[in-house]
Structures are given as structure tokens and as C-alpha cells.
Amino acid sequence: MKLFYLLLTAVYADHVAPTIKVTAQSAHRVPASVHKDVLTAETLRRNQFNTLDRALNSLPSMVVVQSGNLGQPSSLFMRGTNSNHMQVRLDGMRINAPDASNGMLDTGLVTSDSVSSISLLRGGQGSLYGSDAVGGVLLLTTPKATSTQESMMVEGGSHRLMRLSGNASHVNGQTGGYLGVSGARSSGYHQTPVFYRRPSGHYPRLYYRHNGIVGRLDHQFNEQSSLMVVSRYSEVDTLVQLVNRASPQERSTFLQRVQLTVNPVSRWSHQVGLGFFQSHQKNALGDPFETKTQGKRGQIDWTQTYQHQTLGSLSTGIELSQDQAKQQDRSQAMVFHQDALGIGGLWTKKFQSIELDCSIRRDKIAGFDAAITHREGLVFTPLHDTKFKASYGTSFKTPTLYQLYAKTSYYKGNPLLKPEQSKQWDISVDHLLFKKIRWEETYFVNRLTQLIYPTQNFMSSLNLGKARIRGVESTLTWVNATYQLSLSHTLMHAENRVDRTRLLRRPQTKLSSNFSYKMEDWLMGVDLIRLGRRPDLDPVTFIRTTAKPYILVNLKVQKLLASGARLYGRLENVLNRKIQEPLGYRKSGLAAYLGVEAKIA
């Protein structure tokens with residue numbers, strides 16, 4: 001009763017003198033030993049990252065493999081782990097699709113203009129976020145109204161692309177509202193290279209259509225408590241190229257999230273969230289092989305953080321969720337359910353030059369034994385401009401509902417599958433050179449066991465795999481009033497420990513750089529990505545082969561007009577390289593785009 005009284009008092013006590021200003025994430029803490037990359041809305045706008053794929057591909061150790069055109073499926077390989085080894089949360093709500101066969105994020109349904117920040121936590125975070133956080137965690141945030149204004153953006157260019165988006169923000173006293181809408185249309189291009197096409201096949205342009213709407217309402221009851229309500233809907237209509245024909249596909253997601261943040265007393269913060277997420281996908285529309293899937297997730301979570309001057313900071317959390325996946329074809333329909341309960345804690349303590357953290361979490365997922373994960377981290381700052389970081393932790397990935405229970409003419413689930421396991425550690429040095437350039441070197445090792453692989457006939461799945469991934473991440477960042485330079489390089493060896501071969505589509509090297517120069521009202525920039533050799537499968541024979549390295553160069557320019565509008569343009573793949581990523585999926589050649597963004601009020 002005392003806890004209930006304190007929370008109630010914090011919400012309604014208009015005249016209580018506050019000690020901590022509430023923010024949406026005040027109860028959630030990320031340890032200092034975690035390697036965290038953040039892209040703000042300004043960074044996305046400055047670099048013209050108009051899709052989530054392009055934004056993520058600029059980050060260290062992240063390899064984005066998009067199967068061709070806009071709207072096509074993408075695989076995200078973080079530190080060489082599998083594409084379903086990254087957990088994604090939007091405003092605290094987990095959005096890995098429950099109905100997806102492998103549990104991946106559908107990046108085509110999240111546009112960069114509908115998020116205000118992208119945070120990537122590199123490395124396993126199972127003790128903080130539970131299942132799926134083997135390679136890392138991606139945190140997305142919906143824009144929040146901070147002032148009253150309206151803006152609109154129009155962009156057009158190659159492949160008959162047309163983008164249109166607008167947003168309106170309004171603040172009235174302690175209440176703020178944000179509404180954003182977006183749409184995109186493109187005729188696409190012929191994705192399959194000519195030498196991979198079959199004589200009797202059909203290889204049209206793969207069109208792409210996207211619509212989305214985002215709403216967020218924030219209310220500050222007082223300086224101790226606040227409320228956030230988020231609603232989002234996004235849909236994609238596109239063609240997907242199969243071996244010898246193209247098939248129409250529709251995908252959509254809906255999210256509803258309510259979150260209350262309260263500081264009942266000094267140094268004690270609470271965050272309570274209630275969310276609902278739904279995903280739909282329709283494949284081969286109008287075809288005898290037409291299939292439909294639907295996923296639903298309900299989530300309730302509570303996190304509290306208490307900060308003690310002597311003992312440090314202690315965060316505890318409880319998360320309860322229920323997943324449902326429905327699969328339907330012309331002969332049958334199946335529905336699967338899974339309940340999960342996660343309870344965890346995080347302790348951090350900062351001394352004069354050392355900061356320690358320790359986290360542990362217990363997850364009980366229906367059908368499996370309880371999983372306990374942990375992580376220990378250390379940050380040592382011997383000098384003002386130098387930091388050393390080290391951590392060790394465990395993570396796990398449960399099989400998807402499809403892998404466990406699906407029964408179709410081409411796949412039969414295996415209810416005996418076990419969760420994939422991971423043990424990993426990393427060590428790094430972070431130093432500020434010449435008081436201007438931030439330099440960081442990180443060495444990481446990840447050992448994975450009980451990996452889920454398809455059987456030889458691809459009709460089911462088994463726990464057959466083991467892998468070891470080692471790598472070095474190098475980053476340089478230089479920022480001043482005129483120049484901005486970011487450079488990252490990843491050297492990685494991802495090995496299958498069963499047959500001693502390299503893991504598919506993991507390059508041994510990746511170089512990513514971005515340079516921009518500001519001169520009065522002009523901003524000019526260049527992006528460069530080089531991907532090294534990587535194992536892949538021949539799309540015709542399915543025999544292992546090696547994909548050639550490639551270099552992708554983009555040029556960008558923007559001009560701030562006297563009216564306050566922003567005129568921008570870019571050239572993508574300036575060298576017009578013939579890139580296949582993966583093999584059999586052609587990337588666009590040289591492409592040009594022009595757009596304008598203006599504030600209406």
C-alpha cells in the first residue's frame with residue numbers, strides 16, 4: 001500500500017517540489033560498458049538516410065543485405081551473428097514479427113522519417129532484454145512534439161520514385177502531440193541479372209508502394225510524472241521476384257503503446273508500459289500457393305531504478321508477453337501461442353576511475369526450461385581522454401513459432417528444437433586524439449552453440465550448428481563546426497565450427513565512411529562503403545561460391561534557402577558498379593534524386 005500511495009501521490013501532487021526531471025527513458029539504463037551507436041533525427045536528415053537499411057549500414061559491424069529493390073527483404077548481420085539474432089524495440093515495444101518464419105525485423109515497414117533516434121547496442125544483451133538479443137539490440141524512438149510547427153517533404157528521382165511526407169507538432173501547456181504521414185511509390189527495376197534468368201521466366205520491374213502514419217501524445221502531469229501514447233501503422237505493397245516469376249506481396253504492421261513514467265521520490269524512478277503489436281503478410285496473391293500470416297503480441301512491462309549515493313544504481317524489471325502466430329493457405333489454417341515472463345536486474349556503480357556493472361535475467365518461455373543470462377562489465381578511465389572497456393555475457397535465441405509448429409506441404413516444424421546459446425566477451429580502448437578525434441578499437445569473440453539449421457531437404461529444422469565469430473572494430477570520428485568525418489572498419493572471421501567453413505554472406509572486411517563539409521548555407525557530403533569478399537550461394541546451382549568485393553559511393557548536397565526550406569539532392573552508386581547483394585539480386589546502378597523540405601508554420 002505504501003508503494004501505491006507514493007506512485008499515486010507523484011502523479012497528482014502538482015505542488016510537490018521535484019528533484020528529478022522525468023524523461024521517457026528515465027527508468028531504463030544502459031551500462032557504460034555497452035558499445036552504443038546513436039543516430040539522431042538531425043544525423044539522419046544531414047546524411048539523407050531515408051530508409052532504415054541505409055542508416056544501419058553506416059554503423060560498425062553491421063552488414064545489411066537487402067535482396068534488391070526498395071521494399072524487398074533485408075537481412076541484418078550484427079557482428080557476424082544470424083539475421084534473426086538482433087532484437088528490435090520501438091518505444092520499448094518488441095517488434096520482431098511473431099509470424100515471421102525466422103523472427104527477423106521487416107525493415108521495409110520502418111522509414112527513417114518516422115523515427116527520432118536509432119540506437120544500436122553492439123554485442124549480446126540477453127541479460128537486459130531477453131531472447132533474440134544475441135548479436136545486439138536496436139532501439140527506435142517515435143518523434144516527440146517539442147514545439148508547434150508543421151513541415152512537408154517531397155522527393156523524386158530514378159526508378160520513378162516519388163516520396164511525400166508531412167508532420168505536424170503542437171504543444172499546449174503540458175501536452176504535446178505529433179502526427180506524421182508518409183507515402184512512397186516506385187516502379188522499381190529488373191532485379192534478376194540477365195545471366196541468371198530462365199528462358200521461360202518472367203522478370204518485370206518490382207514496383208514498391210508504402211504508406212504510413214505515426215501519432216504520439218505526451219502529457220506532463222507534473223515534474224515527477226509523464227504519460228506517452230504512441231500509435232503507428234505501416235503497409236507495403238510490392239512484387240517479390242521468385243526463380244522464374246514475380247509474385248505480389250502485401251505486408252503491414254500496427255503498434256499501440258502506452259507508457260507511464262513516475263518518480264515518486266528523489267532517486268527512484270518507475271516506468272510502466274502496456275503495448276500491442278500486430279503484423280500481417282500476404283504472399284502470392286491470387287496464386288494457388290497463396291499464403292497469409294498474422295502475428296500478434298501483447299506486452300506488459302515495469303522497470304524501476306533506485307540510485308544510492310554509496311551503493312550505486314539498481315534497476316529491476318518485469319516483462320510479461322504473449323505471442324500468437326496464425327498461418328493460412330488454401331487448405332488449412334493454424335494458430336500457435338507462446339507466453340513469456342522475464343525478470344531481471346542491473347547494478348551499476350561508479351568509483352573515481354572505475355565503473356562496474358552486473359546484470360542478470362531469468363526468462364521463462366512456454367515450452368522451454370527457464371533461461372538465465374548474465375553480463376558483467378567494466379569501464380576503466382586512467383586518463384581524462386582515455387577509457388578501457390571490457391565485458392562478458394551470455395544470450396539465447398528461442399526457436400520461432402513457425403520453426404516449432406508449422407505444418408505445410410513444404411515445411412514441418414520441430415517441437416523438439418532447443419534455444420540457441422551464446423557466450424561472448426569484448427575488450428576495447430577509447431581515446432580522444434589531439435582533443436578533436438575520437439578513436440576506438442574493440443576486439444570481440446562470440447561462441448554460439450545449438451544453432452538451428454535446416455535439414456538437407458529443407459523440410460524441417462534441427463539444432464546442428466556451432467559457430468565462432470571473432471573480430472576487430474575500428475572507428476574514428478572528427479566533428480567541428482565545418483567538417484564531420486566518421487570512419488569505421490570491421491575485420492571479422494565468422495566460422496562454422498562443424499565443417500570449418502566461413503558463415504554465408506559475412507564479409508571478412510567492411511569499411512564505411514562519411515564526410516561532410518558545411519559552407520554557409522551549403523552542406524556537401526560523400527559516403528563510401530566497401531564490402532570485402534564473402535561466401536554466398538550460386539542462385540542457380542546453390543553451390544557455395546565467393547562473392548566479389550564492391551565499393552559503393554554516394555554524393556550528397558543540400559542548400560538552406562532564405563525561406564527556411566531545405567533543397568537537397570544526391571547521386572547514389574556514382575561509380576555505377578554492377579553490385580549483387582546477395583548473389584542473384586542486382587542493386588541499382590547510378591541513380592539521382594532531388595527533394596525539398598519546408599516548414600509550413
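Okay, let's start at one residue. Leaving out residues up to four places away in sequence, Met 62 touches Leu 56, Asn 57, Leu 76, Phe 77, Met 78, Met 86, Leu 120 and Lys 510, where contact means heavy atoms within 4.5 Å.

Quick housekeeping: this is a predicted model, so to speak of local features we need pLDDT of at least 70, and side-chain atom pairs count only at pLDDT 80 or more, while totals for chains, interfaces and linings use all residues. Numbering runs from 1 along each chain as its sequence is written, and side-chain values use heavy atoms, with hydrogens and water left out.

Now, which residues touch the most other members of the largest nonpolar core? They are Leu 56, Met 62, Met 86, Ile 118, Leu 138 and Leu 140, out of 27 residues. Elements giving two or more residues to this core include α3 (52–56), β2 (62–66) and β12 (225–241). A nonpolar core here is a set of buried Ala, Val, Leu, Ile, Met, Phe, Trp, Tyr and Cys residues joined through side-chain atoms within 4.5 Å. Buried means under 20% relative accessible area, with a 1.4 Å probe and protein chains only.

There's also a second, separate core of nine residues, including Phe 444 and Met 492.

Zooming out, the protein has five helices and 31 strands; those are DSSP runs, H or I of at least four residues for helices and E of at least two for strands, numbered from the N terminus. Of its 601 residues, 52% count as buried. Finally, the C-alpha atoms fill a box of roughly 75 × 65 × 50 Å along the principal axes.

Conventions:
Buried < 20%, exposed > 50% of the residue type's maximum accessible area, 1.4 Å probe, protein only.
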